[in-house]
Amino acid sequence: ATPTSIMVGTGRAAELGVLFRKGEALQALRDVSVIALDKTGTLTKGRPELTDLEPADGFQADEVLALVAAVETRSEHPIAEAIVAAARARGLALATIERFEAVPGFGVSARVAGRTVAVGADRYMTRLGLEVAAFRPTAQRLGEQGRSPLYAAIDGRLAAVIAVADPIKESTPAAIQALHALGLKVAMITGDNAATAAAIARQLGIDEVAAEVLPDGKVAALKRFRAGGAKVAFVGDGINDAPALAEADVGLAIGTGTDVAIEAADVVLMSGDLRGVPNAIALSQATIRNIK
Ligand code: ADP
Ligand code: MG
């Protein structure tokens, strides 16, 4: 492509709210055949809400919610915000906490009102040596509804299965349809559990899923989508998306996401509207075609 045509192409892209940080990305995008997207904050709004809290025998819902929410006041995870908001909405008093610990991709724990409280994924409970088996059917049922199940433990006992649901962005279904119309394969990478990821993928018509991916595992997941020499673009918004944005053949960051993600990306979508992705690809195809 000539420098002029690239300038014209990137200029048109800017009008569509797509900022090319590197001119080469316009050419690289044309050759992409797989689009991998982060789920939370990219396909979804990244603002989950608490939908379920099913206490175990011997525990009460509000008691568990108050303890768990107290721990989550110290976490910046969107799940934490959902749990704290739900507790506040119910007017629950949140005790002060001690010995807070966050394990990225697993969950959080602390001492609250003389009790040890942990909340997080299945693998977090297992890591803490807790027996989860009896609660998995409940979590599975919630996951099949596209909700993200979590577990709460109090003093070494499973106290509740909790679920949050993160609404899909209005622009997501149309963006995926447009990507399919351009002949691309659409994949999703998420730390969320497999049943939830599968339910959301089915709902959106996503072709491939990598679920239960740990924060440092996104690059490896991305590399799997490169099988057979496919060129892969990755779309993400979070701090832990930065390595995958850098590794992808083209990295596209959501402009409303974290600075770390934007810095690592080749292309920035000025709004959270995912239709910027197919728009940018269509433009790259048109620009490169015109100058051949
Ligand atoms: P995602 O962006 O898909 O949520 P993360 O790697 O941030 O991926 O987290 C993976 C999983 O770890 C979450 O789905 C949740 O089960 C658990 N987790 C992480 N942080 C927290 C937290 N503060 N509270 C409860 N669960 C958490
Ligand atoms: Mg995200």
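The legends below describe close-up views of a predicted model.

View 1. The protein is divided into domain 1, made of residues 3-45 + 168-290, and domain 2, made of residues 49-165. Taken over C-alpha atoms, the centres of domain 1 and domain 2 are separated by 32 Å. To the contact between them, domain 1 contributes 11 residues and domain 2 contributes 13 residues. On the side of domain 1 that touches domain 2, helix α9 (residues 194-204) gives the most, with 5 residues. Sorted by class, that side of domain 1 has 5 nonpolar, 5 polar and 1 charged residues.

**View 2. Helix α9 and what covers it.** Which residues of α9 are buried? They are Ala-195, Thr-196, Ala-197, Ile-200 and Ala-201. The cover over the buried residues of α9 includes the helices α3 and α7 (136-144), together with the strands β7, β9 (185-189) and β10 (208-210). After α9 comes Gly-205, whose phi is positive, near 70 degrees.

**View 3. The surroundings of ligand 1.** Ligand 1 is surrounded by 20 residues, and the closest of them are Ser-75, His-77, Gly-105, Ala-121 and Gly-191. At least two residues of this shell come from each of α3 (39-43), α5 (78-89), β5 (107-112), β6 (115-120) and β7 (148-154). By class, the shell around ligand 1 holds 8 nonpolar, 9 polar and 3 charged residues. Both domain 1 and domain 2 take part in the shell, since each provides at least three residues.

**View 4. Two separate nonpolar cores.** In soluble globular proteins, nonpolar side chains tend to be buried together. The largest nonpolar core in this model has 57 residues, and those with the most contacts inside it are Ile-35, Ala-36, Ala-187, Ala-233, Val-267 and Val-277. Leaving out residues up to four places away in sequence, Ile-35 touches Leu-179, Leu-184, Val-186, Ala-187, Ala-233, Val-235 and Val-277. A second, separate core has 41 residues, including Leu-53, Val-71, Ile-79 and Tyr-124.

**View 5. Helices α4 and α5.** In α4, the buried residues are Val-64, Leu-65, Leu-67, Val-68, Ala-69, Ala-70, Val-71 and Glu-72. Helix α5 has 12 residues and reaches 16 Å from its first C-alpha to its last, close to the 16 Å expected. Buried in α5 are Ile-79, Ala-80, Ala-82, Ile-83, Val-84, Ala-86 and Ala-87, and the buried residues of α5 pack against β3 (49-55), α4, β7 and β8 (157-165). Just after α5, Gly-91 takes a positive phi of about 70 degrees.

**View 6. Ile-97 in strand β4.** Ile-97 belongs to strand β4 (residues 97-103). Why does Ile-97 count as partly exposed? A residue is buried only if 20 or more other C-beta atoms lie within 10 Å of its own, and Ile-97 has 19. Setting aside its neighbours within four places in sequence, Ile-97 is in contact with Ala-70, Val-71, Arg-74, Ala-110, Arg-111 and Val-112. Ile-97 and Arg-115 are 18 residues apart in sequence, while their C-alpha atoms are 9.7 Å apart in space.

**View 7. Tyr-151 in strand β7.** Tyr-151 lies in strand β7, and this residue is buried because 27 other C-beta atoms lie within 10 Å. Apart from its neighbours within four places in sequence, Tyr-151 is in contact with Gly-120, Asp-122, Met-125, Val-132, Phe-135, Leu-158 and Val-161. The C-alpha atoms of Tyr-151 and Arg-123 are separated by 9.8 Å, although these residues are 28 residues apart along the chain.

**View 8. Two loop residues with positive phi.** Most residues other than glycine have a negative phi. Ala-113, in the loop between β5 and β6, has a positive phi of about 50 degrees although it is not a glycine. With 13 other C-beta atoms within 10 Å, Ala-113 is partly exposed. Glu-212 lies in the loop between β10 and α10 (218-224), and its phi is also positive, near 55 degrees. Glu-212 counts as partly exposed, with 16 C-beta neighbours inside 10 Å.

Conventions:
Residues numbered from 1 in each chain as written. Chains lettered and ligands numbered in written order. Predicted model: local features only at pLDDT ≥ 70, side-chain atom pairs only at ≥ 80, totals over all residues. Core = buried A, V, L, I, M, F, W, Y, C linked by C-beta atoms within 7 Å. Buried ≥ 20, exposed ≤ 12 C-beta atoms within 10 Å, placed from the backbone. Contact = placed C-beta atoms within 7 Å. Near = placed C-beta within 6 Å. Helix = DSSP H or I, 4+ residues; strand = E, 2+ residues; numbered from the N terminus. Nonpolar A, V, L, I, M, F, W, Y, C, P; charged D, E, K, R; others polar. Domains from an automatic or database assignment. Expected span 1.5 Å × (residues − 1).
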